[in-house]
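I opened my notebook to record, step by step, what I looked up in this structure. The entries below follow the order in which I went through it.

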Amino acid sequence: MDTTKRYPFLDLALANAPYMDELKAAACEVIERGRYLHSTQTELLEQEIAATCEARHCVSVSNGLDALRLILRAYKELGILNDGDEVIVPANTYVASVLAISDNGLVPVLCDPREDTMNLDSNLLESLITPRTRAIMPVHLYGTPCWDETLMRVAREHDLRIIEDNAQAIGALSDVAGMNGTCVTGGLGDAAGISFYPTKNLGALGDGGAVVTNDDTLAATVRALANYGSDRRYHNIYQGYNCRLDEIQAAMLRVKLRHLDQENATRAAVARAYADHIDNPRVKAPVIFDGMKQTWHQFVVRVEDRDAFRAYLEANGVGTDIHYATPAHRQPCYQGLEHVALPMTERLADEVVSLPIAHPITPGDAIAIAGIINRF
Ligand SMILES: Cc1ncc(COP(=O)(O)O)c(C=O)c1O
């Protein structure tokens, strides 16, 4: 009999199991009430997400990509961005950040990351600025805040909008206060997009997303664009989209939002256990930054001999994943960008491995997995 304990990379049914009774009750309430779109649950979720991100407005939308697309499209409708304008975005991100830019007729300018944070390197920003640069989209990748004085200074000096991709970091805290005086990711820049994709720390049971901002005009424009471009019923001021979040997903998210702090705290304890016990010179653990609160959406180690490492872990019952093996500039849809020099992005893409971190993984499991890793 195989007695090896298994640690699946992520099993969403197990991850949601602690909330099952609450989720079922909330879903039943929506079904019985008979209002399935734009009603109480979405309204309350918007208030609660705005409060979480310390922002004045939240507009719930269909998914995280649409959240970012809508922000950029709204800036175009408001005359702040125009076709062909450049937006600086980290090359080391999920492709959705880049898609939101190119989909709007804007030009993504890819920035290499820092090795320690794996996030956009703000010291490279000045070298990427041209007369067409209008915005920066920092991504709080894996739940590590991407925010520093240099980023803020460059944005201020060049009059650039900052649009946070907060898809992976709801509940994270930067150690540097933002433009708006807050240090909660999602409230730091001019606007932020959030994803509620099921694997996220605050994951729906389907697709979902949100835009948060302190800008009244931007919020109203995003809200109209996400609702066919209408500012009131049957009155279309923009050629908009249907990007609604439905009431059932809003209800699911409201249940899980009540547990988000605990979810993030458990992930932080697991991350600490991994970092304290991984002791293999072939495996580089991610940095735990003092002063910041990272949400540990992923716990990403780096290994040169990645294929052998993953096969070894799989054989020892540990599931892994890669976020992300092929960066945007190497994707077939971005032909022409493949020659941009992004050495750190390429190195990370070749070496990163994500370890199990979501519920039901405990700090004790992380210590056991670290033991397996140390024997590699
Ligand atoms: C960094 C980042 N940006 C954007 C997105 C897009 O979010 P969604 O999958 O909800 O469209 C995701 C998640 O998939 C993401 O990880």
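In which sense do strand β10 and β11 pair, and over how many bridges? I found that β10 (residues 283-284) and β11 pair in the antiparallel sense over 2 bridges, where strands are DSSP runs of E of at least two residues, helices are runs of H or I of at least four, and both are numbered from the N terminus. I noted that two strands count as paired if DSSP finds at least two bridges between them.

Before going on, I wrote down that this is a predicted model, in which local features need pLDDT of at least 70 and side-chain atom pairs count only at pLDDT 80 or more, while totals for chains, interfaces and linings use all residues. Residues are numbered from 1 along each chain as its sequence is written.

**Entry: around β11**

I then checked how covered strand β11 (residues 299-303) is, and 4 of its 5 residues are buried, that is, 20 or more other C-beta atoms, placed from the backbone, lie within 10 Å of their own.

**Entry: the open sheet**

I followed an open sheet of 7 strands, whose order is β1-β7-β6-β5-β4-β2-β3 with mixed pairing. Its edge strands are β1 (57-61) and β3 (107-111), each of which pairs on one side only. β1 and strand β7 (residues 209-213) pair in the antiparallel sense over 5 bridges, and Val 61 stands opposite Gly 209 in β7.

**Entry: two domains**

I recorded that the chain is divided into domain 1 (15-257) and domain 2 (260-374), with bounds from an automatic or database domain assignment. Their contact takes 30 residues from domain 1 and 29 residues from domain 2, where residues are in contact if their C-beta atoms, placed from the backbone, lie within 7 Å. On the side of domain 1 that touches domain 2, α5 (95-102) and α9 (247-257) each supply at least two residues.

Terms used
Two residues are in contact if their C-beta atoms, placed from the backbone, lie within 7 Å. A residue is buried if 20 or more other C-beta atoms lie within 10 Å of its own, exposed if 12 or fewer, and partly exposed in between; C-beta atoms are placed from the backbone.
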